[in-house]
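Take the chain and its fold together and follow a few helices and loops through them.

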Amino acid sequence: MAQYIKDQWTSLPPVKQVDLSGQVIMIVGGSRGLGYEAAVHLGRMGPKRLIISSREQGRGDAAAQKIKEASGCENVEAWPLDFESFESVRQYAEKMKKDSDNLDILIQNAGVCTLSYEKTKENWERLLQVNHLSLSLLTLLLLPCMSTRSSPVPRIVIVASAGHHFVKDSSEMLPLDGHVLQRISTESHCLQSSSIMTSRYNLTKLFNIFFVRELAARLRPNSPLIVNTLDPGTCQTELLKPIEDTSLVARTLFWIFKTLMARSAEMGSRTIVYAALEGDRDSVHGQYMTSCRVDKGSDYASSPEGLEVQKAIWDETLDFATLIDPSISTIIQEYLI
C-alpha cells in the first residue's frame with residue numbers, strides 16, 4: 001500500500017519523443033480517457049497512420065478530430081469496434097489486414113468495469129468477454145500484420161491493472177478441466193456469491209497478464225515482436241463510473257478517493273506510451289510494468305499455482321479463439337511454438 005500511494009503521488013517522467021514517421025499505430029479504446037491521451041502523445045510523433053477504435057462511430061470521429069487538433073497529426077482515423085461482438089472483432093481484424101501491409105504498434109486499452117452480472121448477446125459474462133476473450137481474439141488475429149518487418153520493432157501493449165493483486169488464489173478457477181472460462185461465465189456461477197462479480201474485473205486483468213506472458217513465451221525465436229502489459233495506476237477516467245453510481249455513499253467515497261489519489265488521464269497515459277516505445281526485447285518483452293518501470297506483479301501470478309492456471313487459461317483461450325475463427329489455427333502454426 002505504501003508503494004501504491006507513493007506511485008500515485010509521484011509525477012511520472014515526461015513522454016520521450018520518438019520519430020514514428022512511416023509507422024502504423026492502432027489504439028483499441030482510443031476515443032476517450034487513457035487511450036485518447038496516449039493517442040495525442042503518439043500523434044505528436046508523426047506516425048504514418050494513427051487508428052483509434054470506438055464502439056460508436058460518431059464518438060470515434062469526434063475523438064479523431066480532437067486528436068488531430070491537439071497533436072497536429074492529420075493521419076488520424078476512427079474505426080468502429082464492439083468487443084461485445086465477436087463478429088465485430090473479426091471484421092475489424094479483416095479490415096486491418098486488407099487496409100495495411102503492416103501494423104507497428106497495437107495498444108489494447110478497451111475495457112469495462114461493473115459489479116453486476118450482465119450477459120452479452122454472445123452468451124458470455126460481459127467483463128470476461130470484453131476484457132479478456134475479445135481482446136485475446138483480436139490480438140491473435142492481428143499477429144500476421146505485426147510480423148512483416150523487424151525494423152521498427154513491432155510491439156503489442158495490453159493495459160492491465162494493479163487490481164490483479166487482489167486475486168489471491170485459484171479457488172474460483174478450479175477444477176482446471178478445460179471448461180474454466182465457460183464455467184465462470186455462467187449466471188449460476190457469477191451469482192452464487194457477491195464477491196465473484198465484485199472481483200471479476202480484477203480476475204480479467206489477471207487473465208490479461210497471463211495472456212501476455214504466454215504469448216511472449218510462445219512467439220517463435222525469430223519473431224521481432226515485443227509484447228508487454230502494464231498498470232496505468234488509478235486515474236481520473238470514466239472506467240469506475242458504474243461502481244460510483246451504485247449509491248450516494250459510493251459516489252461520495254469514490255470522489256474523495258479519486259481526489260486524493262487518482263492521476264490525471266494524461267499522467268496515466270504516459271505509462272502506456274512508455275510500454276509502447278521504451279526498452280528493448282531483453283528488458284520489457286513479456287513484462288508487466290507499473291509507473292514506467294518493470295514490476296514483478298502479484299505473488300500469486302508468479303507462483304506455481306498461478307502458473308498452472310496461466311497455462312490452462314491460455315489453452316482454453318486458444319481453443320475459444322479457434323472456434324470463433326478457424327484461421328486462428330493457421331496463425332498458431334505459423335507464428336507460435
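Leaving aside its neighbours within four places in sequence, which residues is Gln 287 in contact with? They are Val 227, Asn 228, Thr 229 and Val 294, where contact means heavy atoms within 4.5 Å. This is a predicted model, in which local features need pLDDT of at least 70 and side-chain atom pairs count only at pLDDT 80 or more, while totals for chains, interfaces and linings use all residues. Residues are numbered from 1 along each chain as its sequence is written, and side-chain values use heavy atoms, with hydrogens and water left out.

Gln 287 sits in the loop between α13 (281–284) and β7; helices (H or I, at least four residues) and strands (E, at least two) are DSSP runs numbered from the N terminus. With a relative accessible area of 28%, Gln 287 is partly exposed, on a scale where buried means under 20%, exposed over 50% and partly exposed in between (1.4 Å probe, protein chains only). Between Gln 287 and Leu 115 there are 29 Å from C-alpha to C-alpha, and the two are 172 residues apart in sequence.

Another glutamine, Gln 23, belongs to the loop between α1 and β1 (24–28). Its relative accessibility of 9% makes Gln 23 buried. Beyond four places in sequence, the contacts of Gln 23 are Pro 47, Lys 48, Arg 49, Asp 104, Ile 105, Arg 149 and Pro 152.

Helix α3 (residues 57–71) has 15 residues and extends 21 Å from first to last C-alpha, close to the expected 21 Å, a span taken as 1.5 Å times one less than the number of residues. Its buried residues are Gly 60, Ala 63, Ala 64, Ile 67 and Ser 71. These cover an arc of only 105° around the axis, which puts them on the same side of α3; the arc is that of the directions from the helix axis to the C-beta atoms. An α-helix has 3.6 residues a turn, so residues three or four places apart point the same way. The buried residues of α3 pack against α2 (33–43), β2 (49–54) and β3 (76–80), whereas Gly 58 and Glu 69 are exposed on the other side. After α3 comes Gly 72, with a positive phi near 80°.

Helix α12 (residues 265–277) is largely enclosed by the rest of the structure, because ten of its 13 residues are buried. Among them are Met 267, Arg 270, Ile 272 and Val 273. The cover over the buried residues of α12 includes α2, β4 (105–108), β5 (155–159), β6 (226–231) and β7 (288–290).

Helices α1 (residues 2–9) and α11 (residues 248–261) have axes that come within 9 Å and cross at roughly 70°. That makes α1 roughly perpendicular to α11, a label for angles of 65 to 115 degrees. In the contact, Tyr 4, Ile 5, Gln 8 and Trp 9 of α1 meet Phe 257, Leu 260 and Met 261 of α11.

Some loops have backbone features to note. The peptide bond from Leu 174 to Pro 175 is cis, with omega near 0°, and Pro 175 lies in the loop between β5 and α6 (180–185). Asn 123 has a positive phi near 75° and is exposed, at 52% relative accessible area. Ser 291, also not a glycine, has a positive phi of about 50°, but at 10% relative accessibility Ser 291 is buried.

How values were computed:
Axes are lines fitted to C-alpha atoms, for helices over the stretch in contact, and angles run from 0 to 180 degrees between N-to-C directions. Angles under 35 degrees count as roughly parallel, over 145 as roughly antiparallel, 65 to 115 as roughly perpendicular and the rest as oblique.
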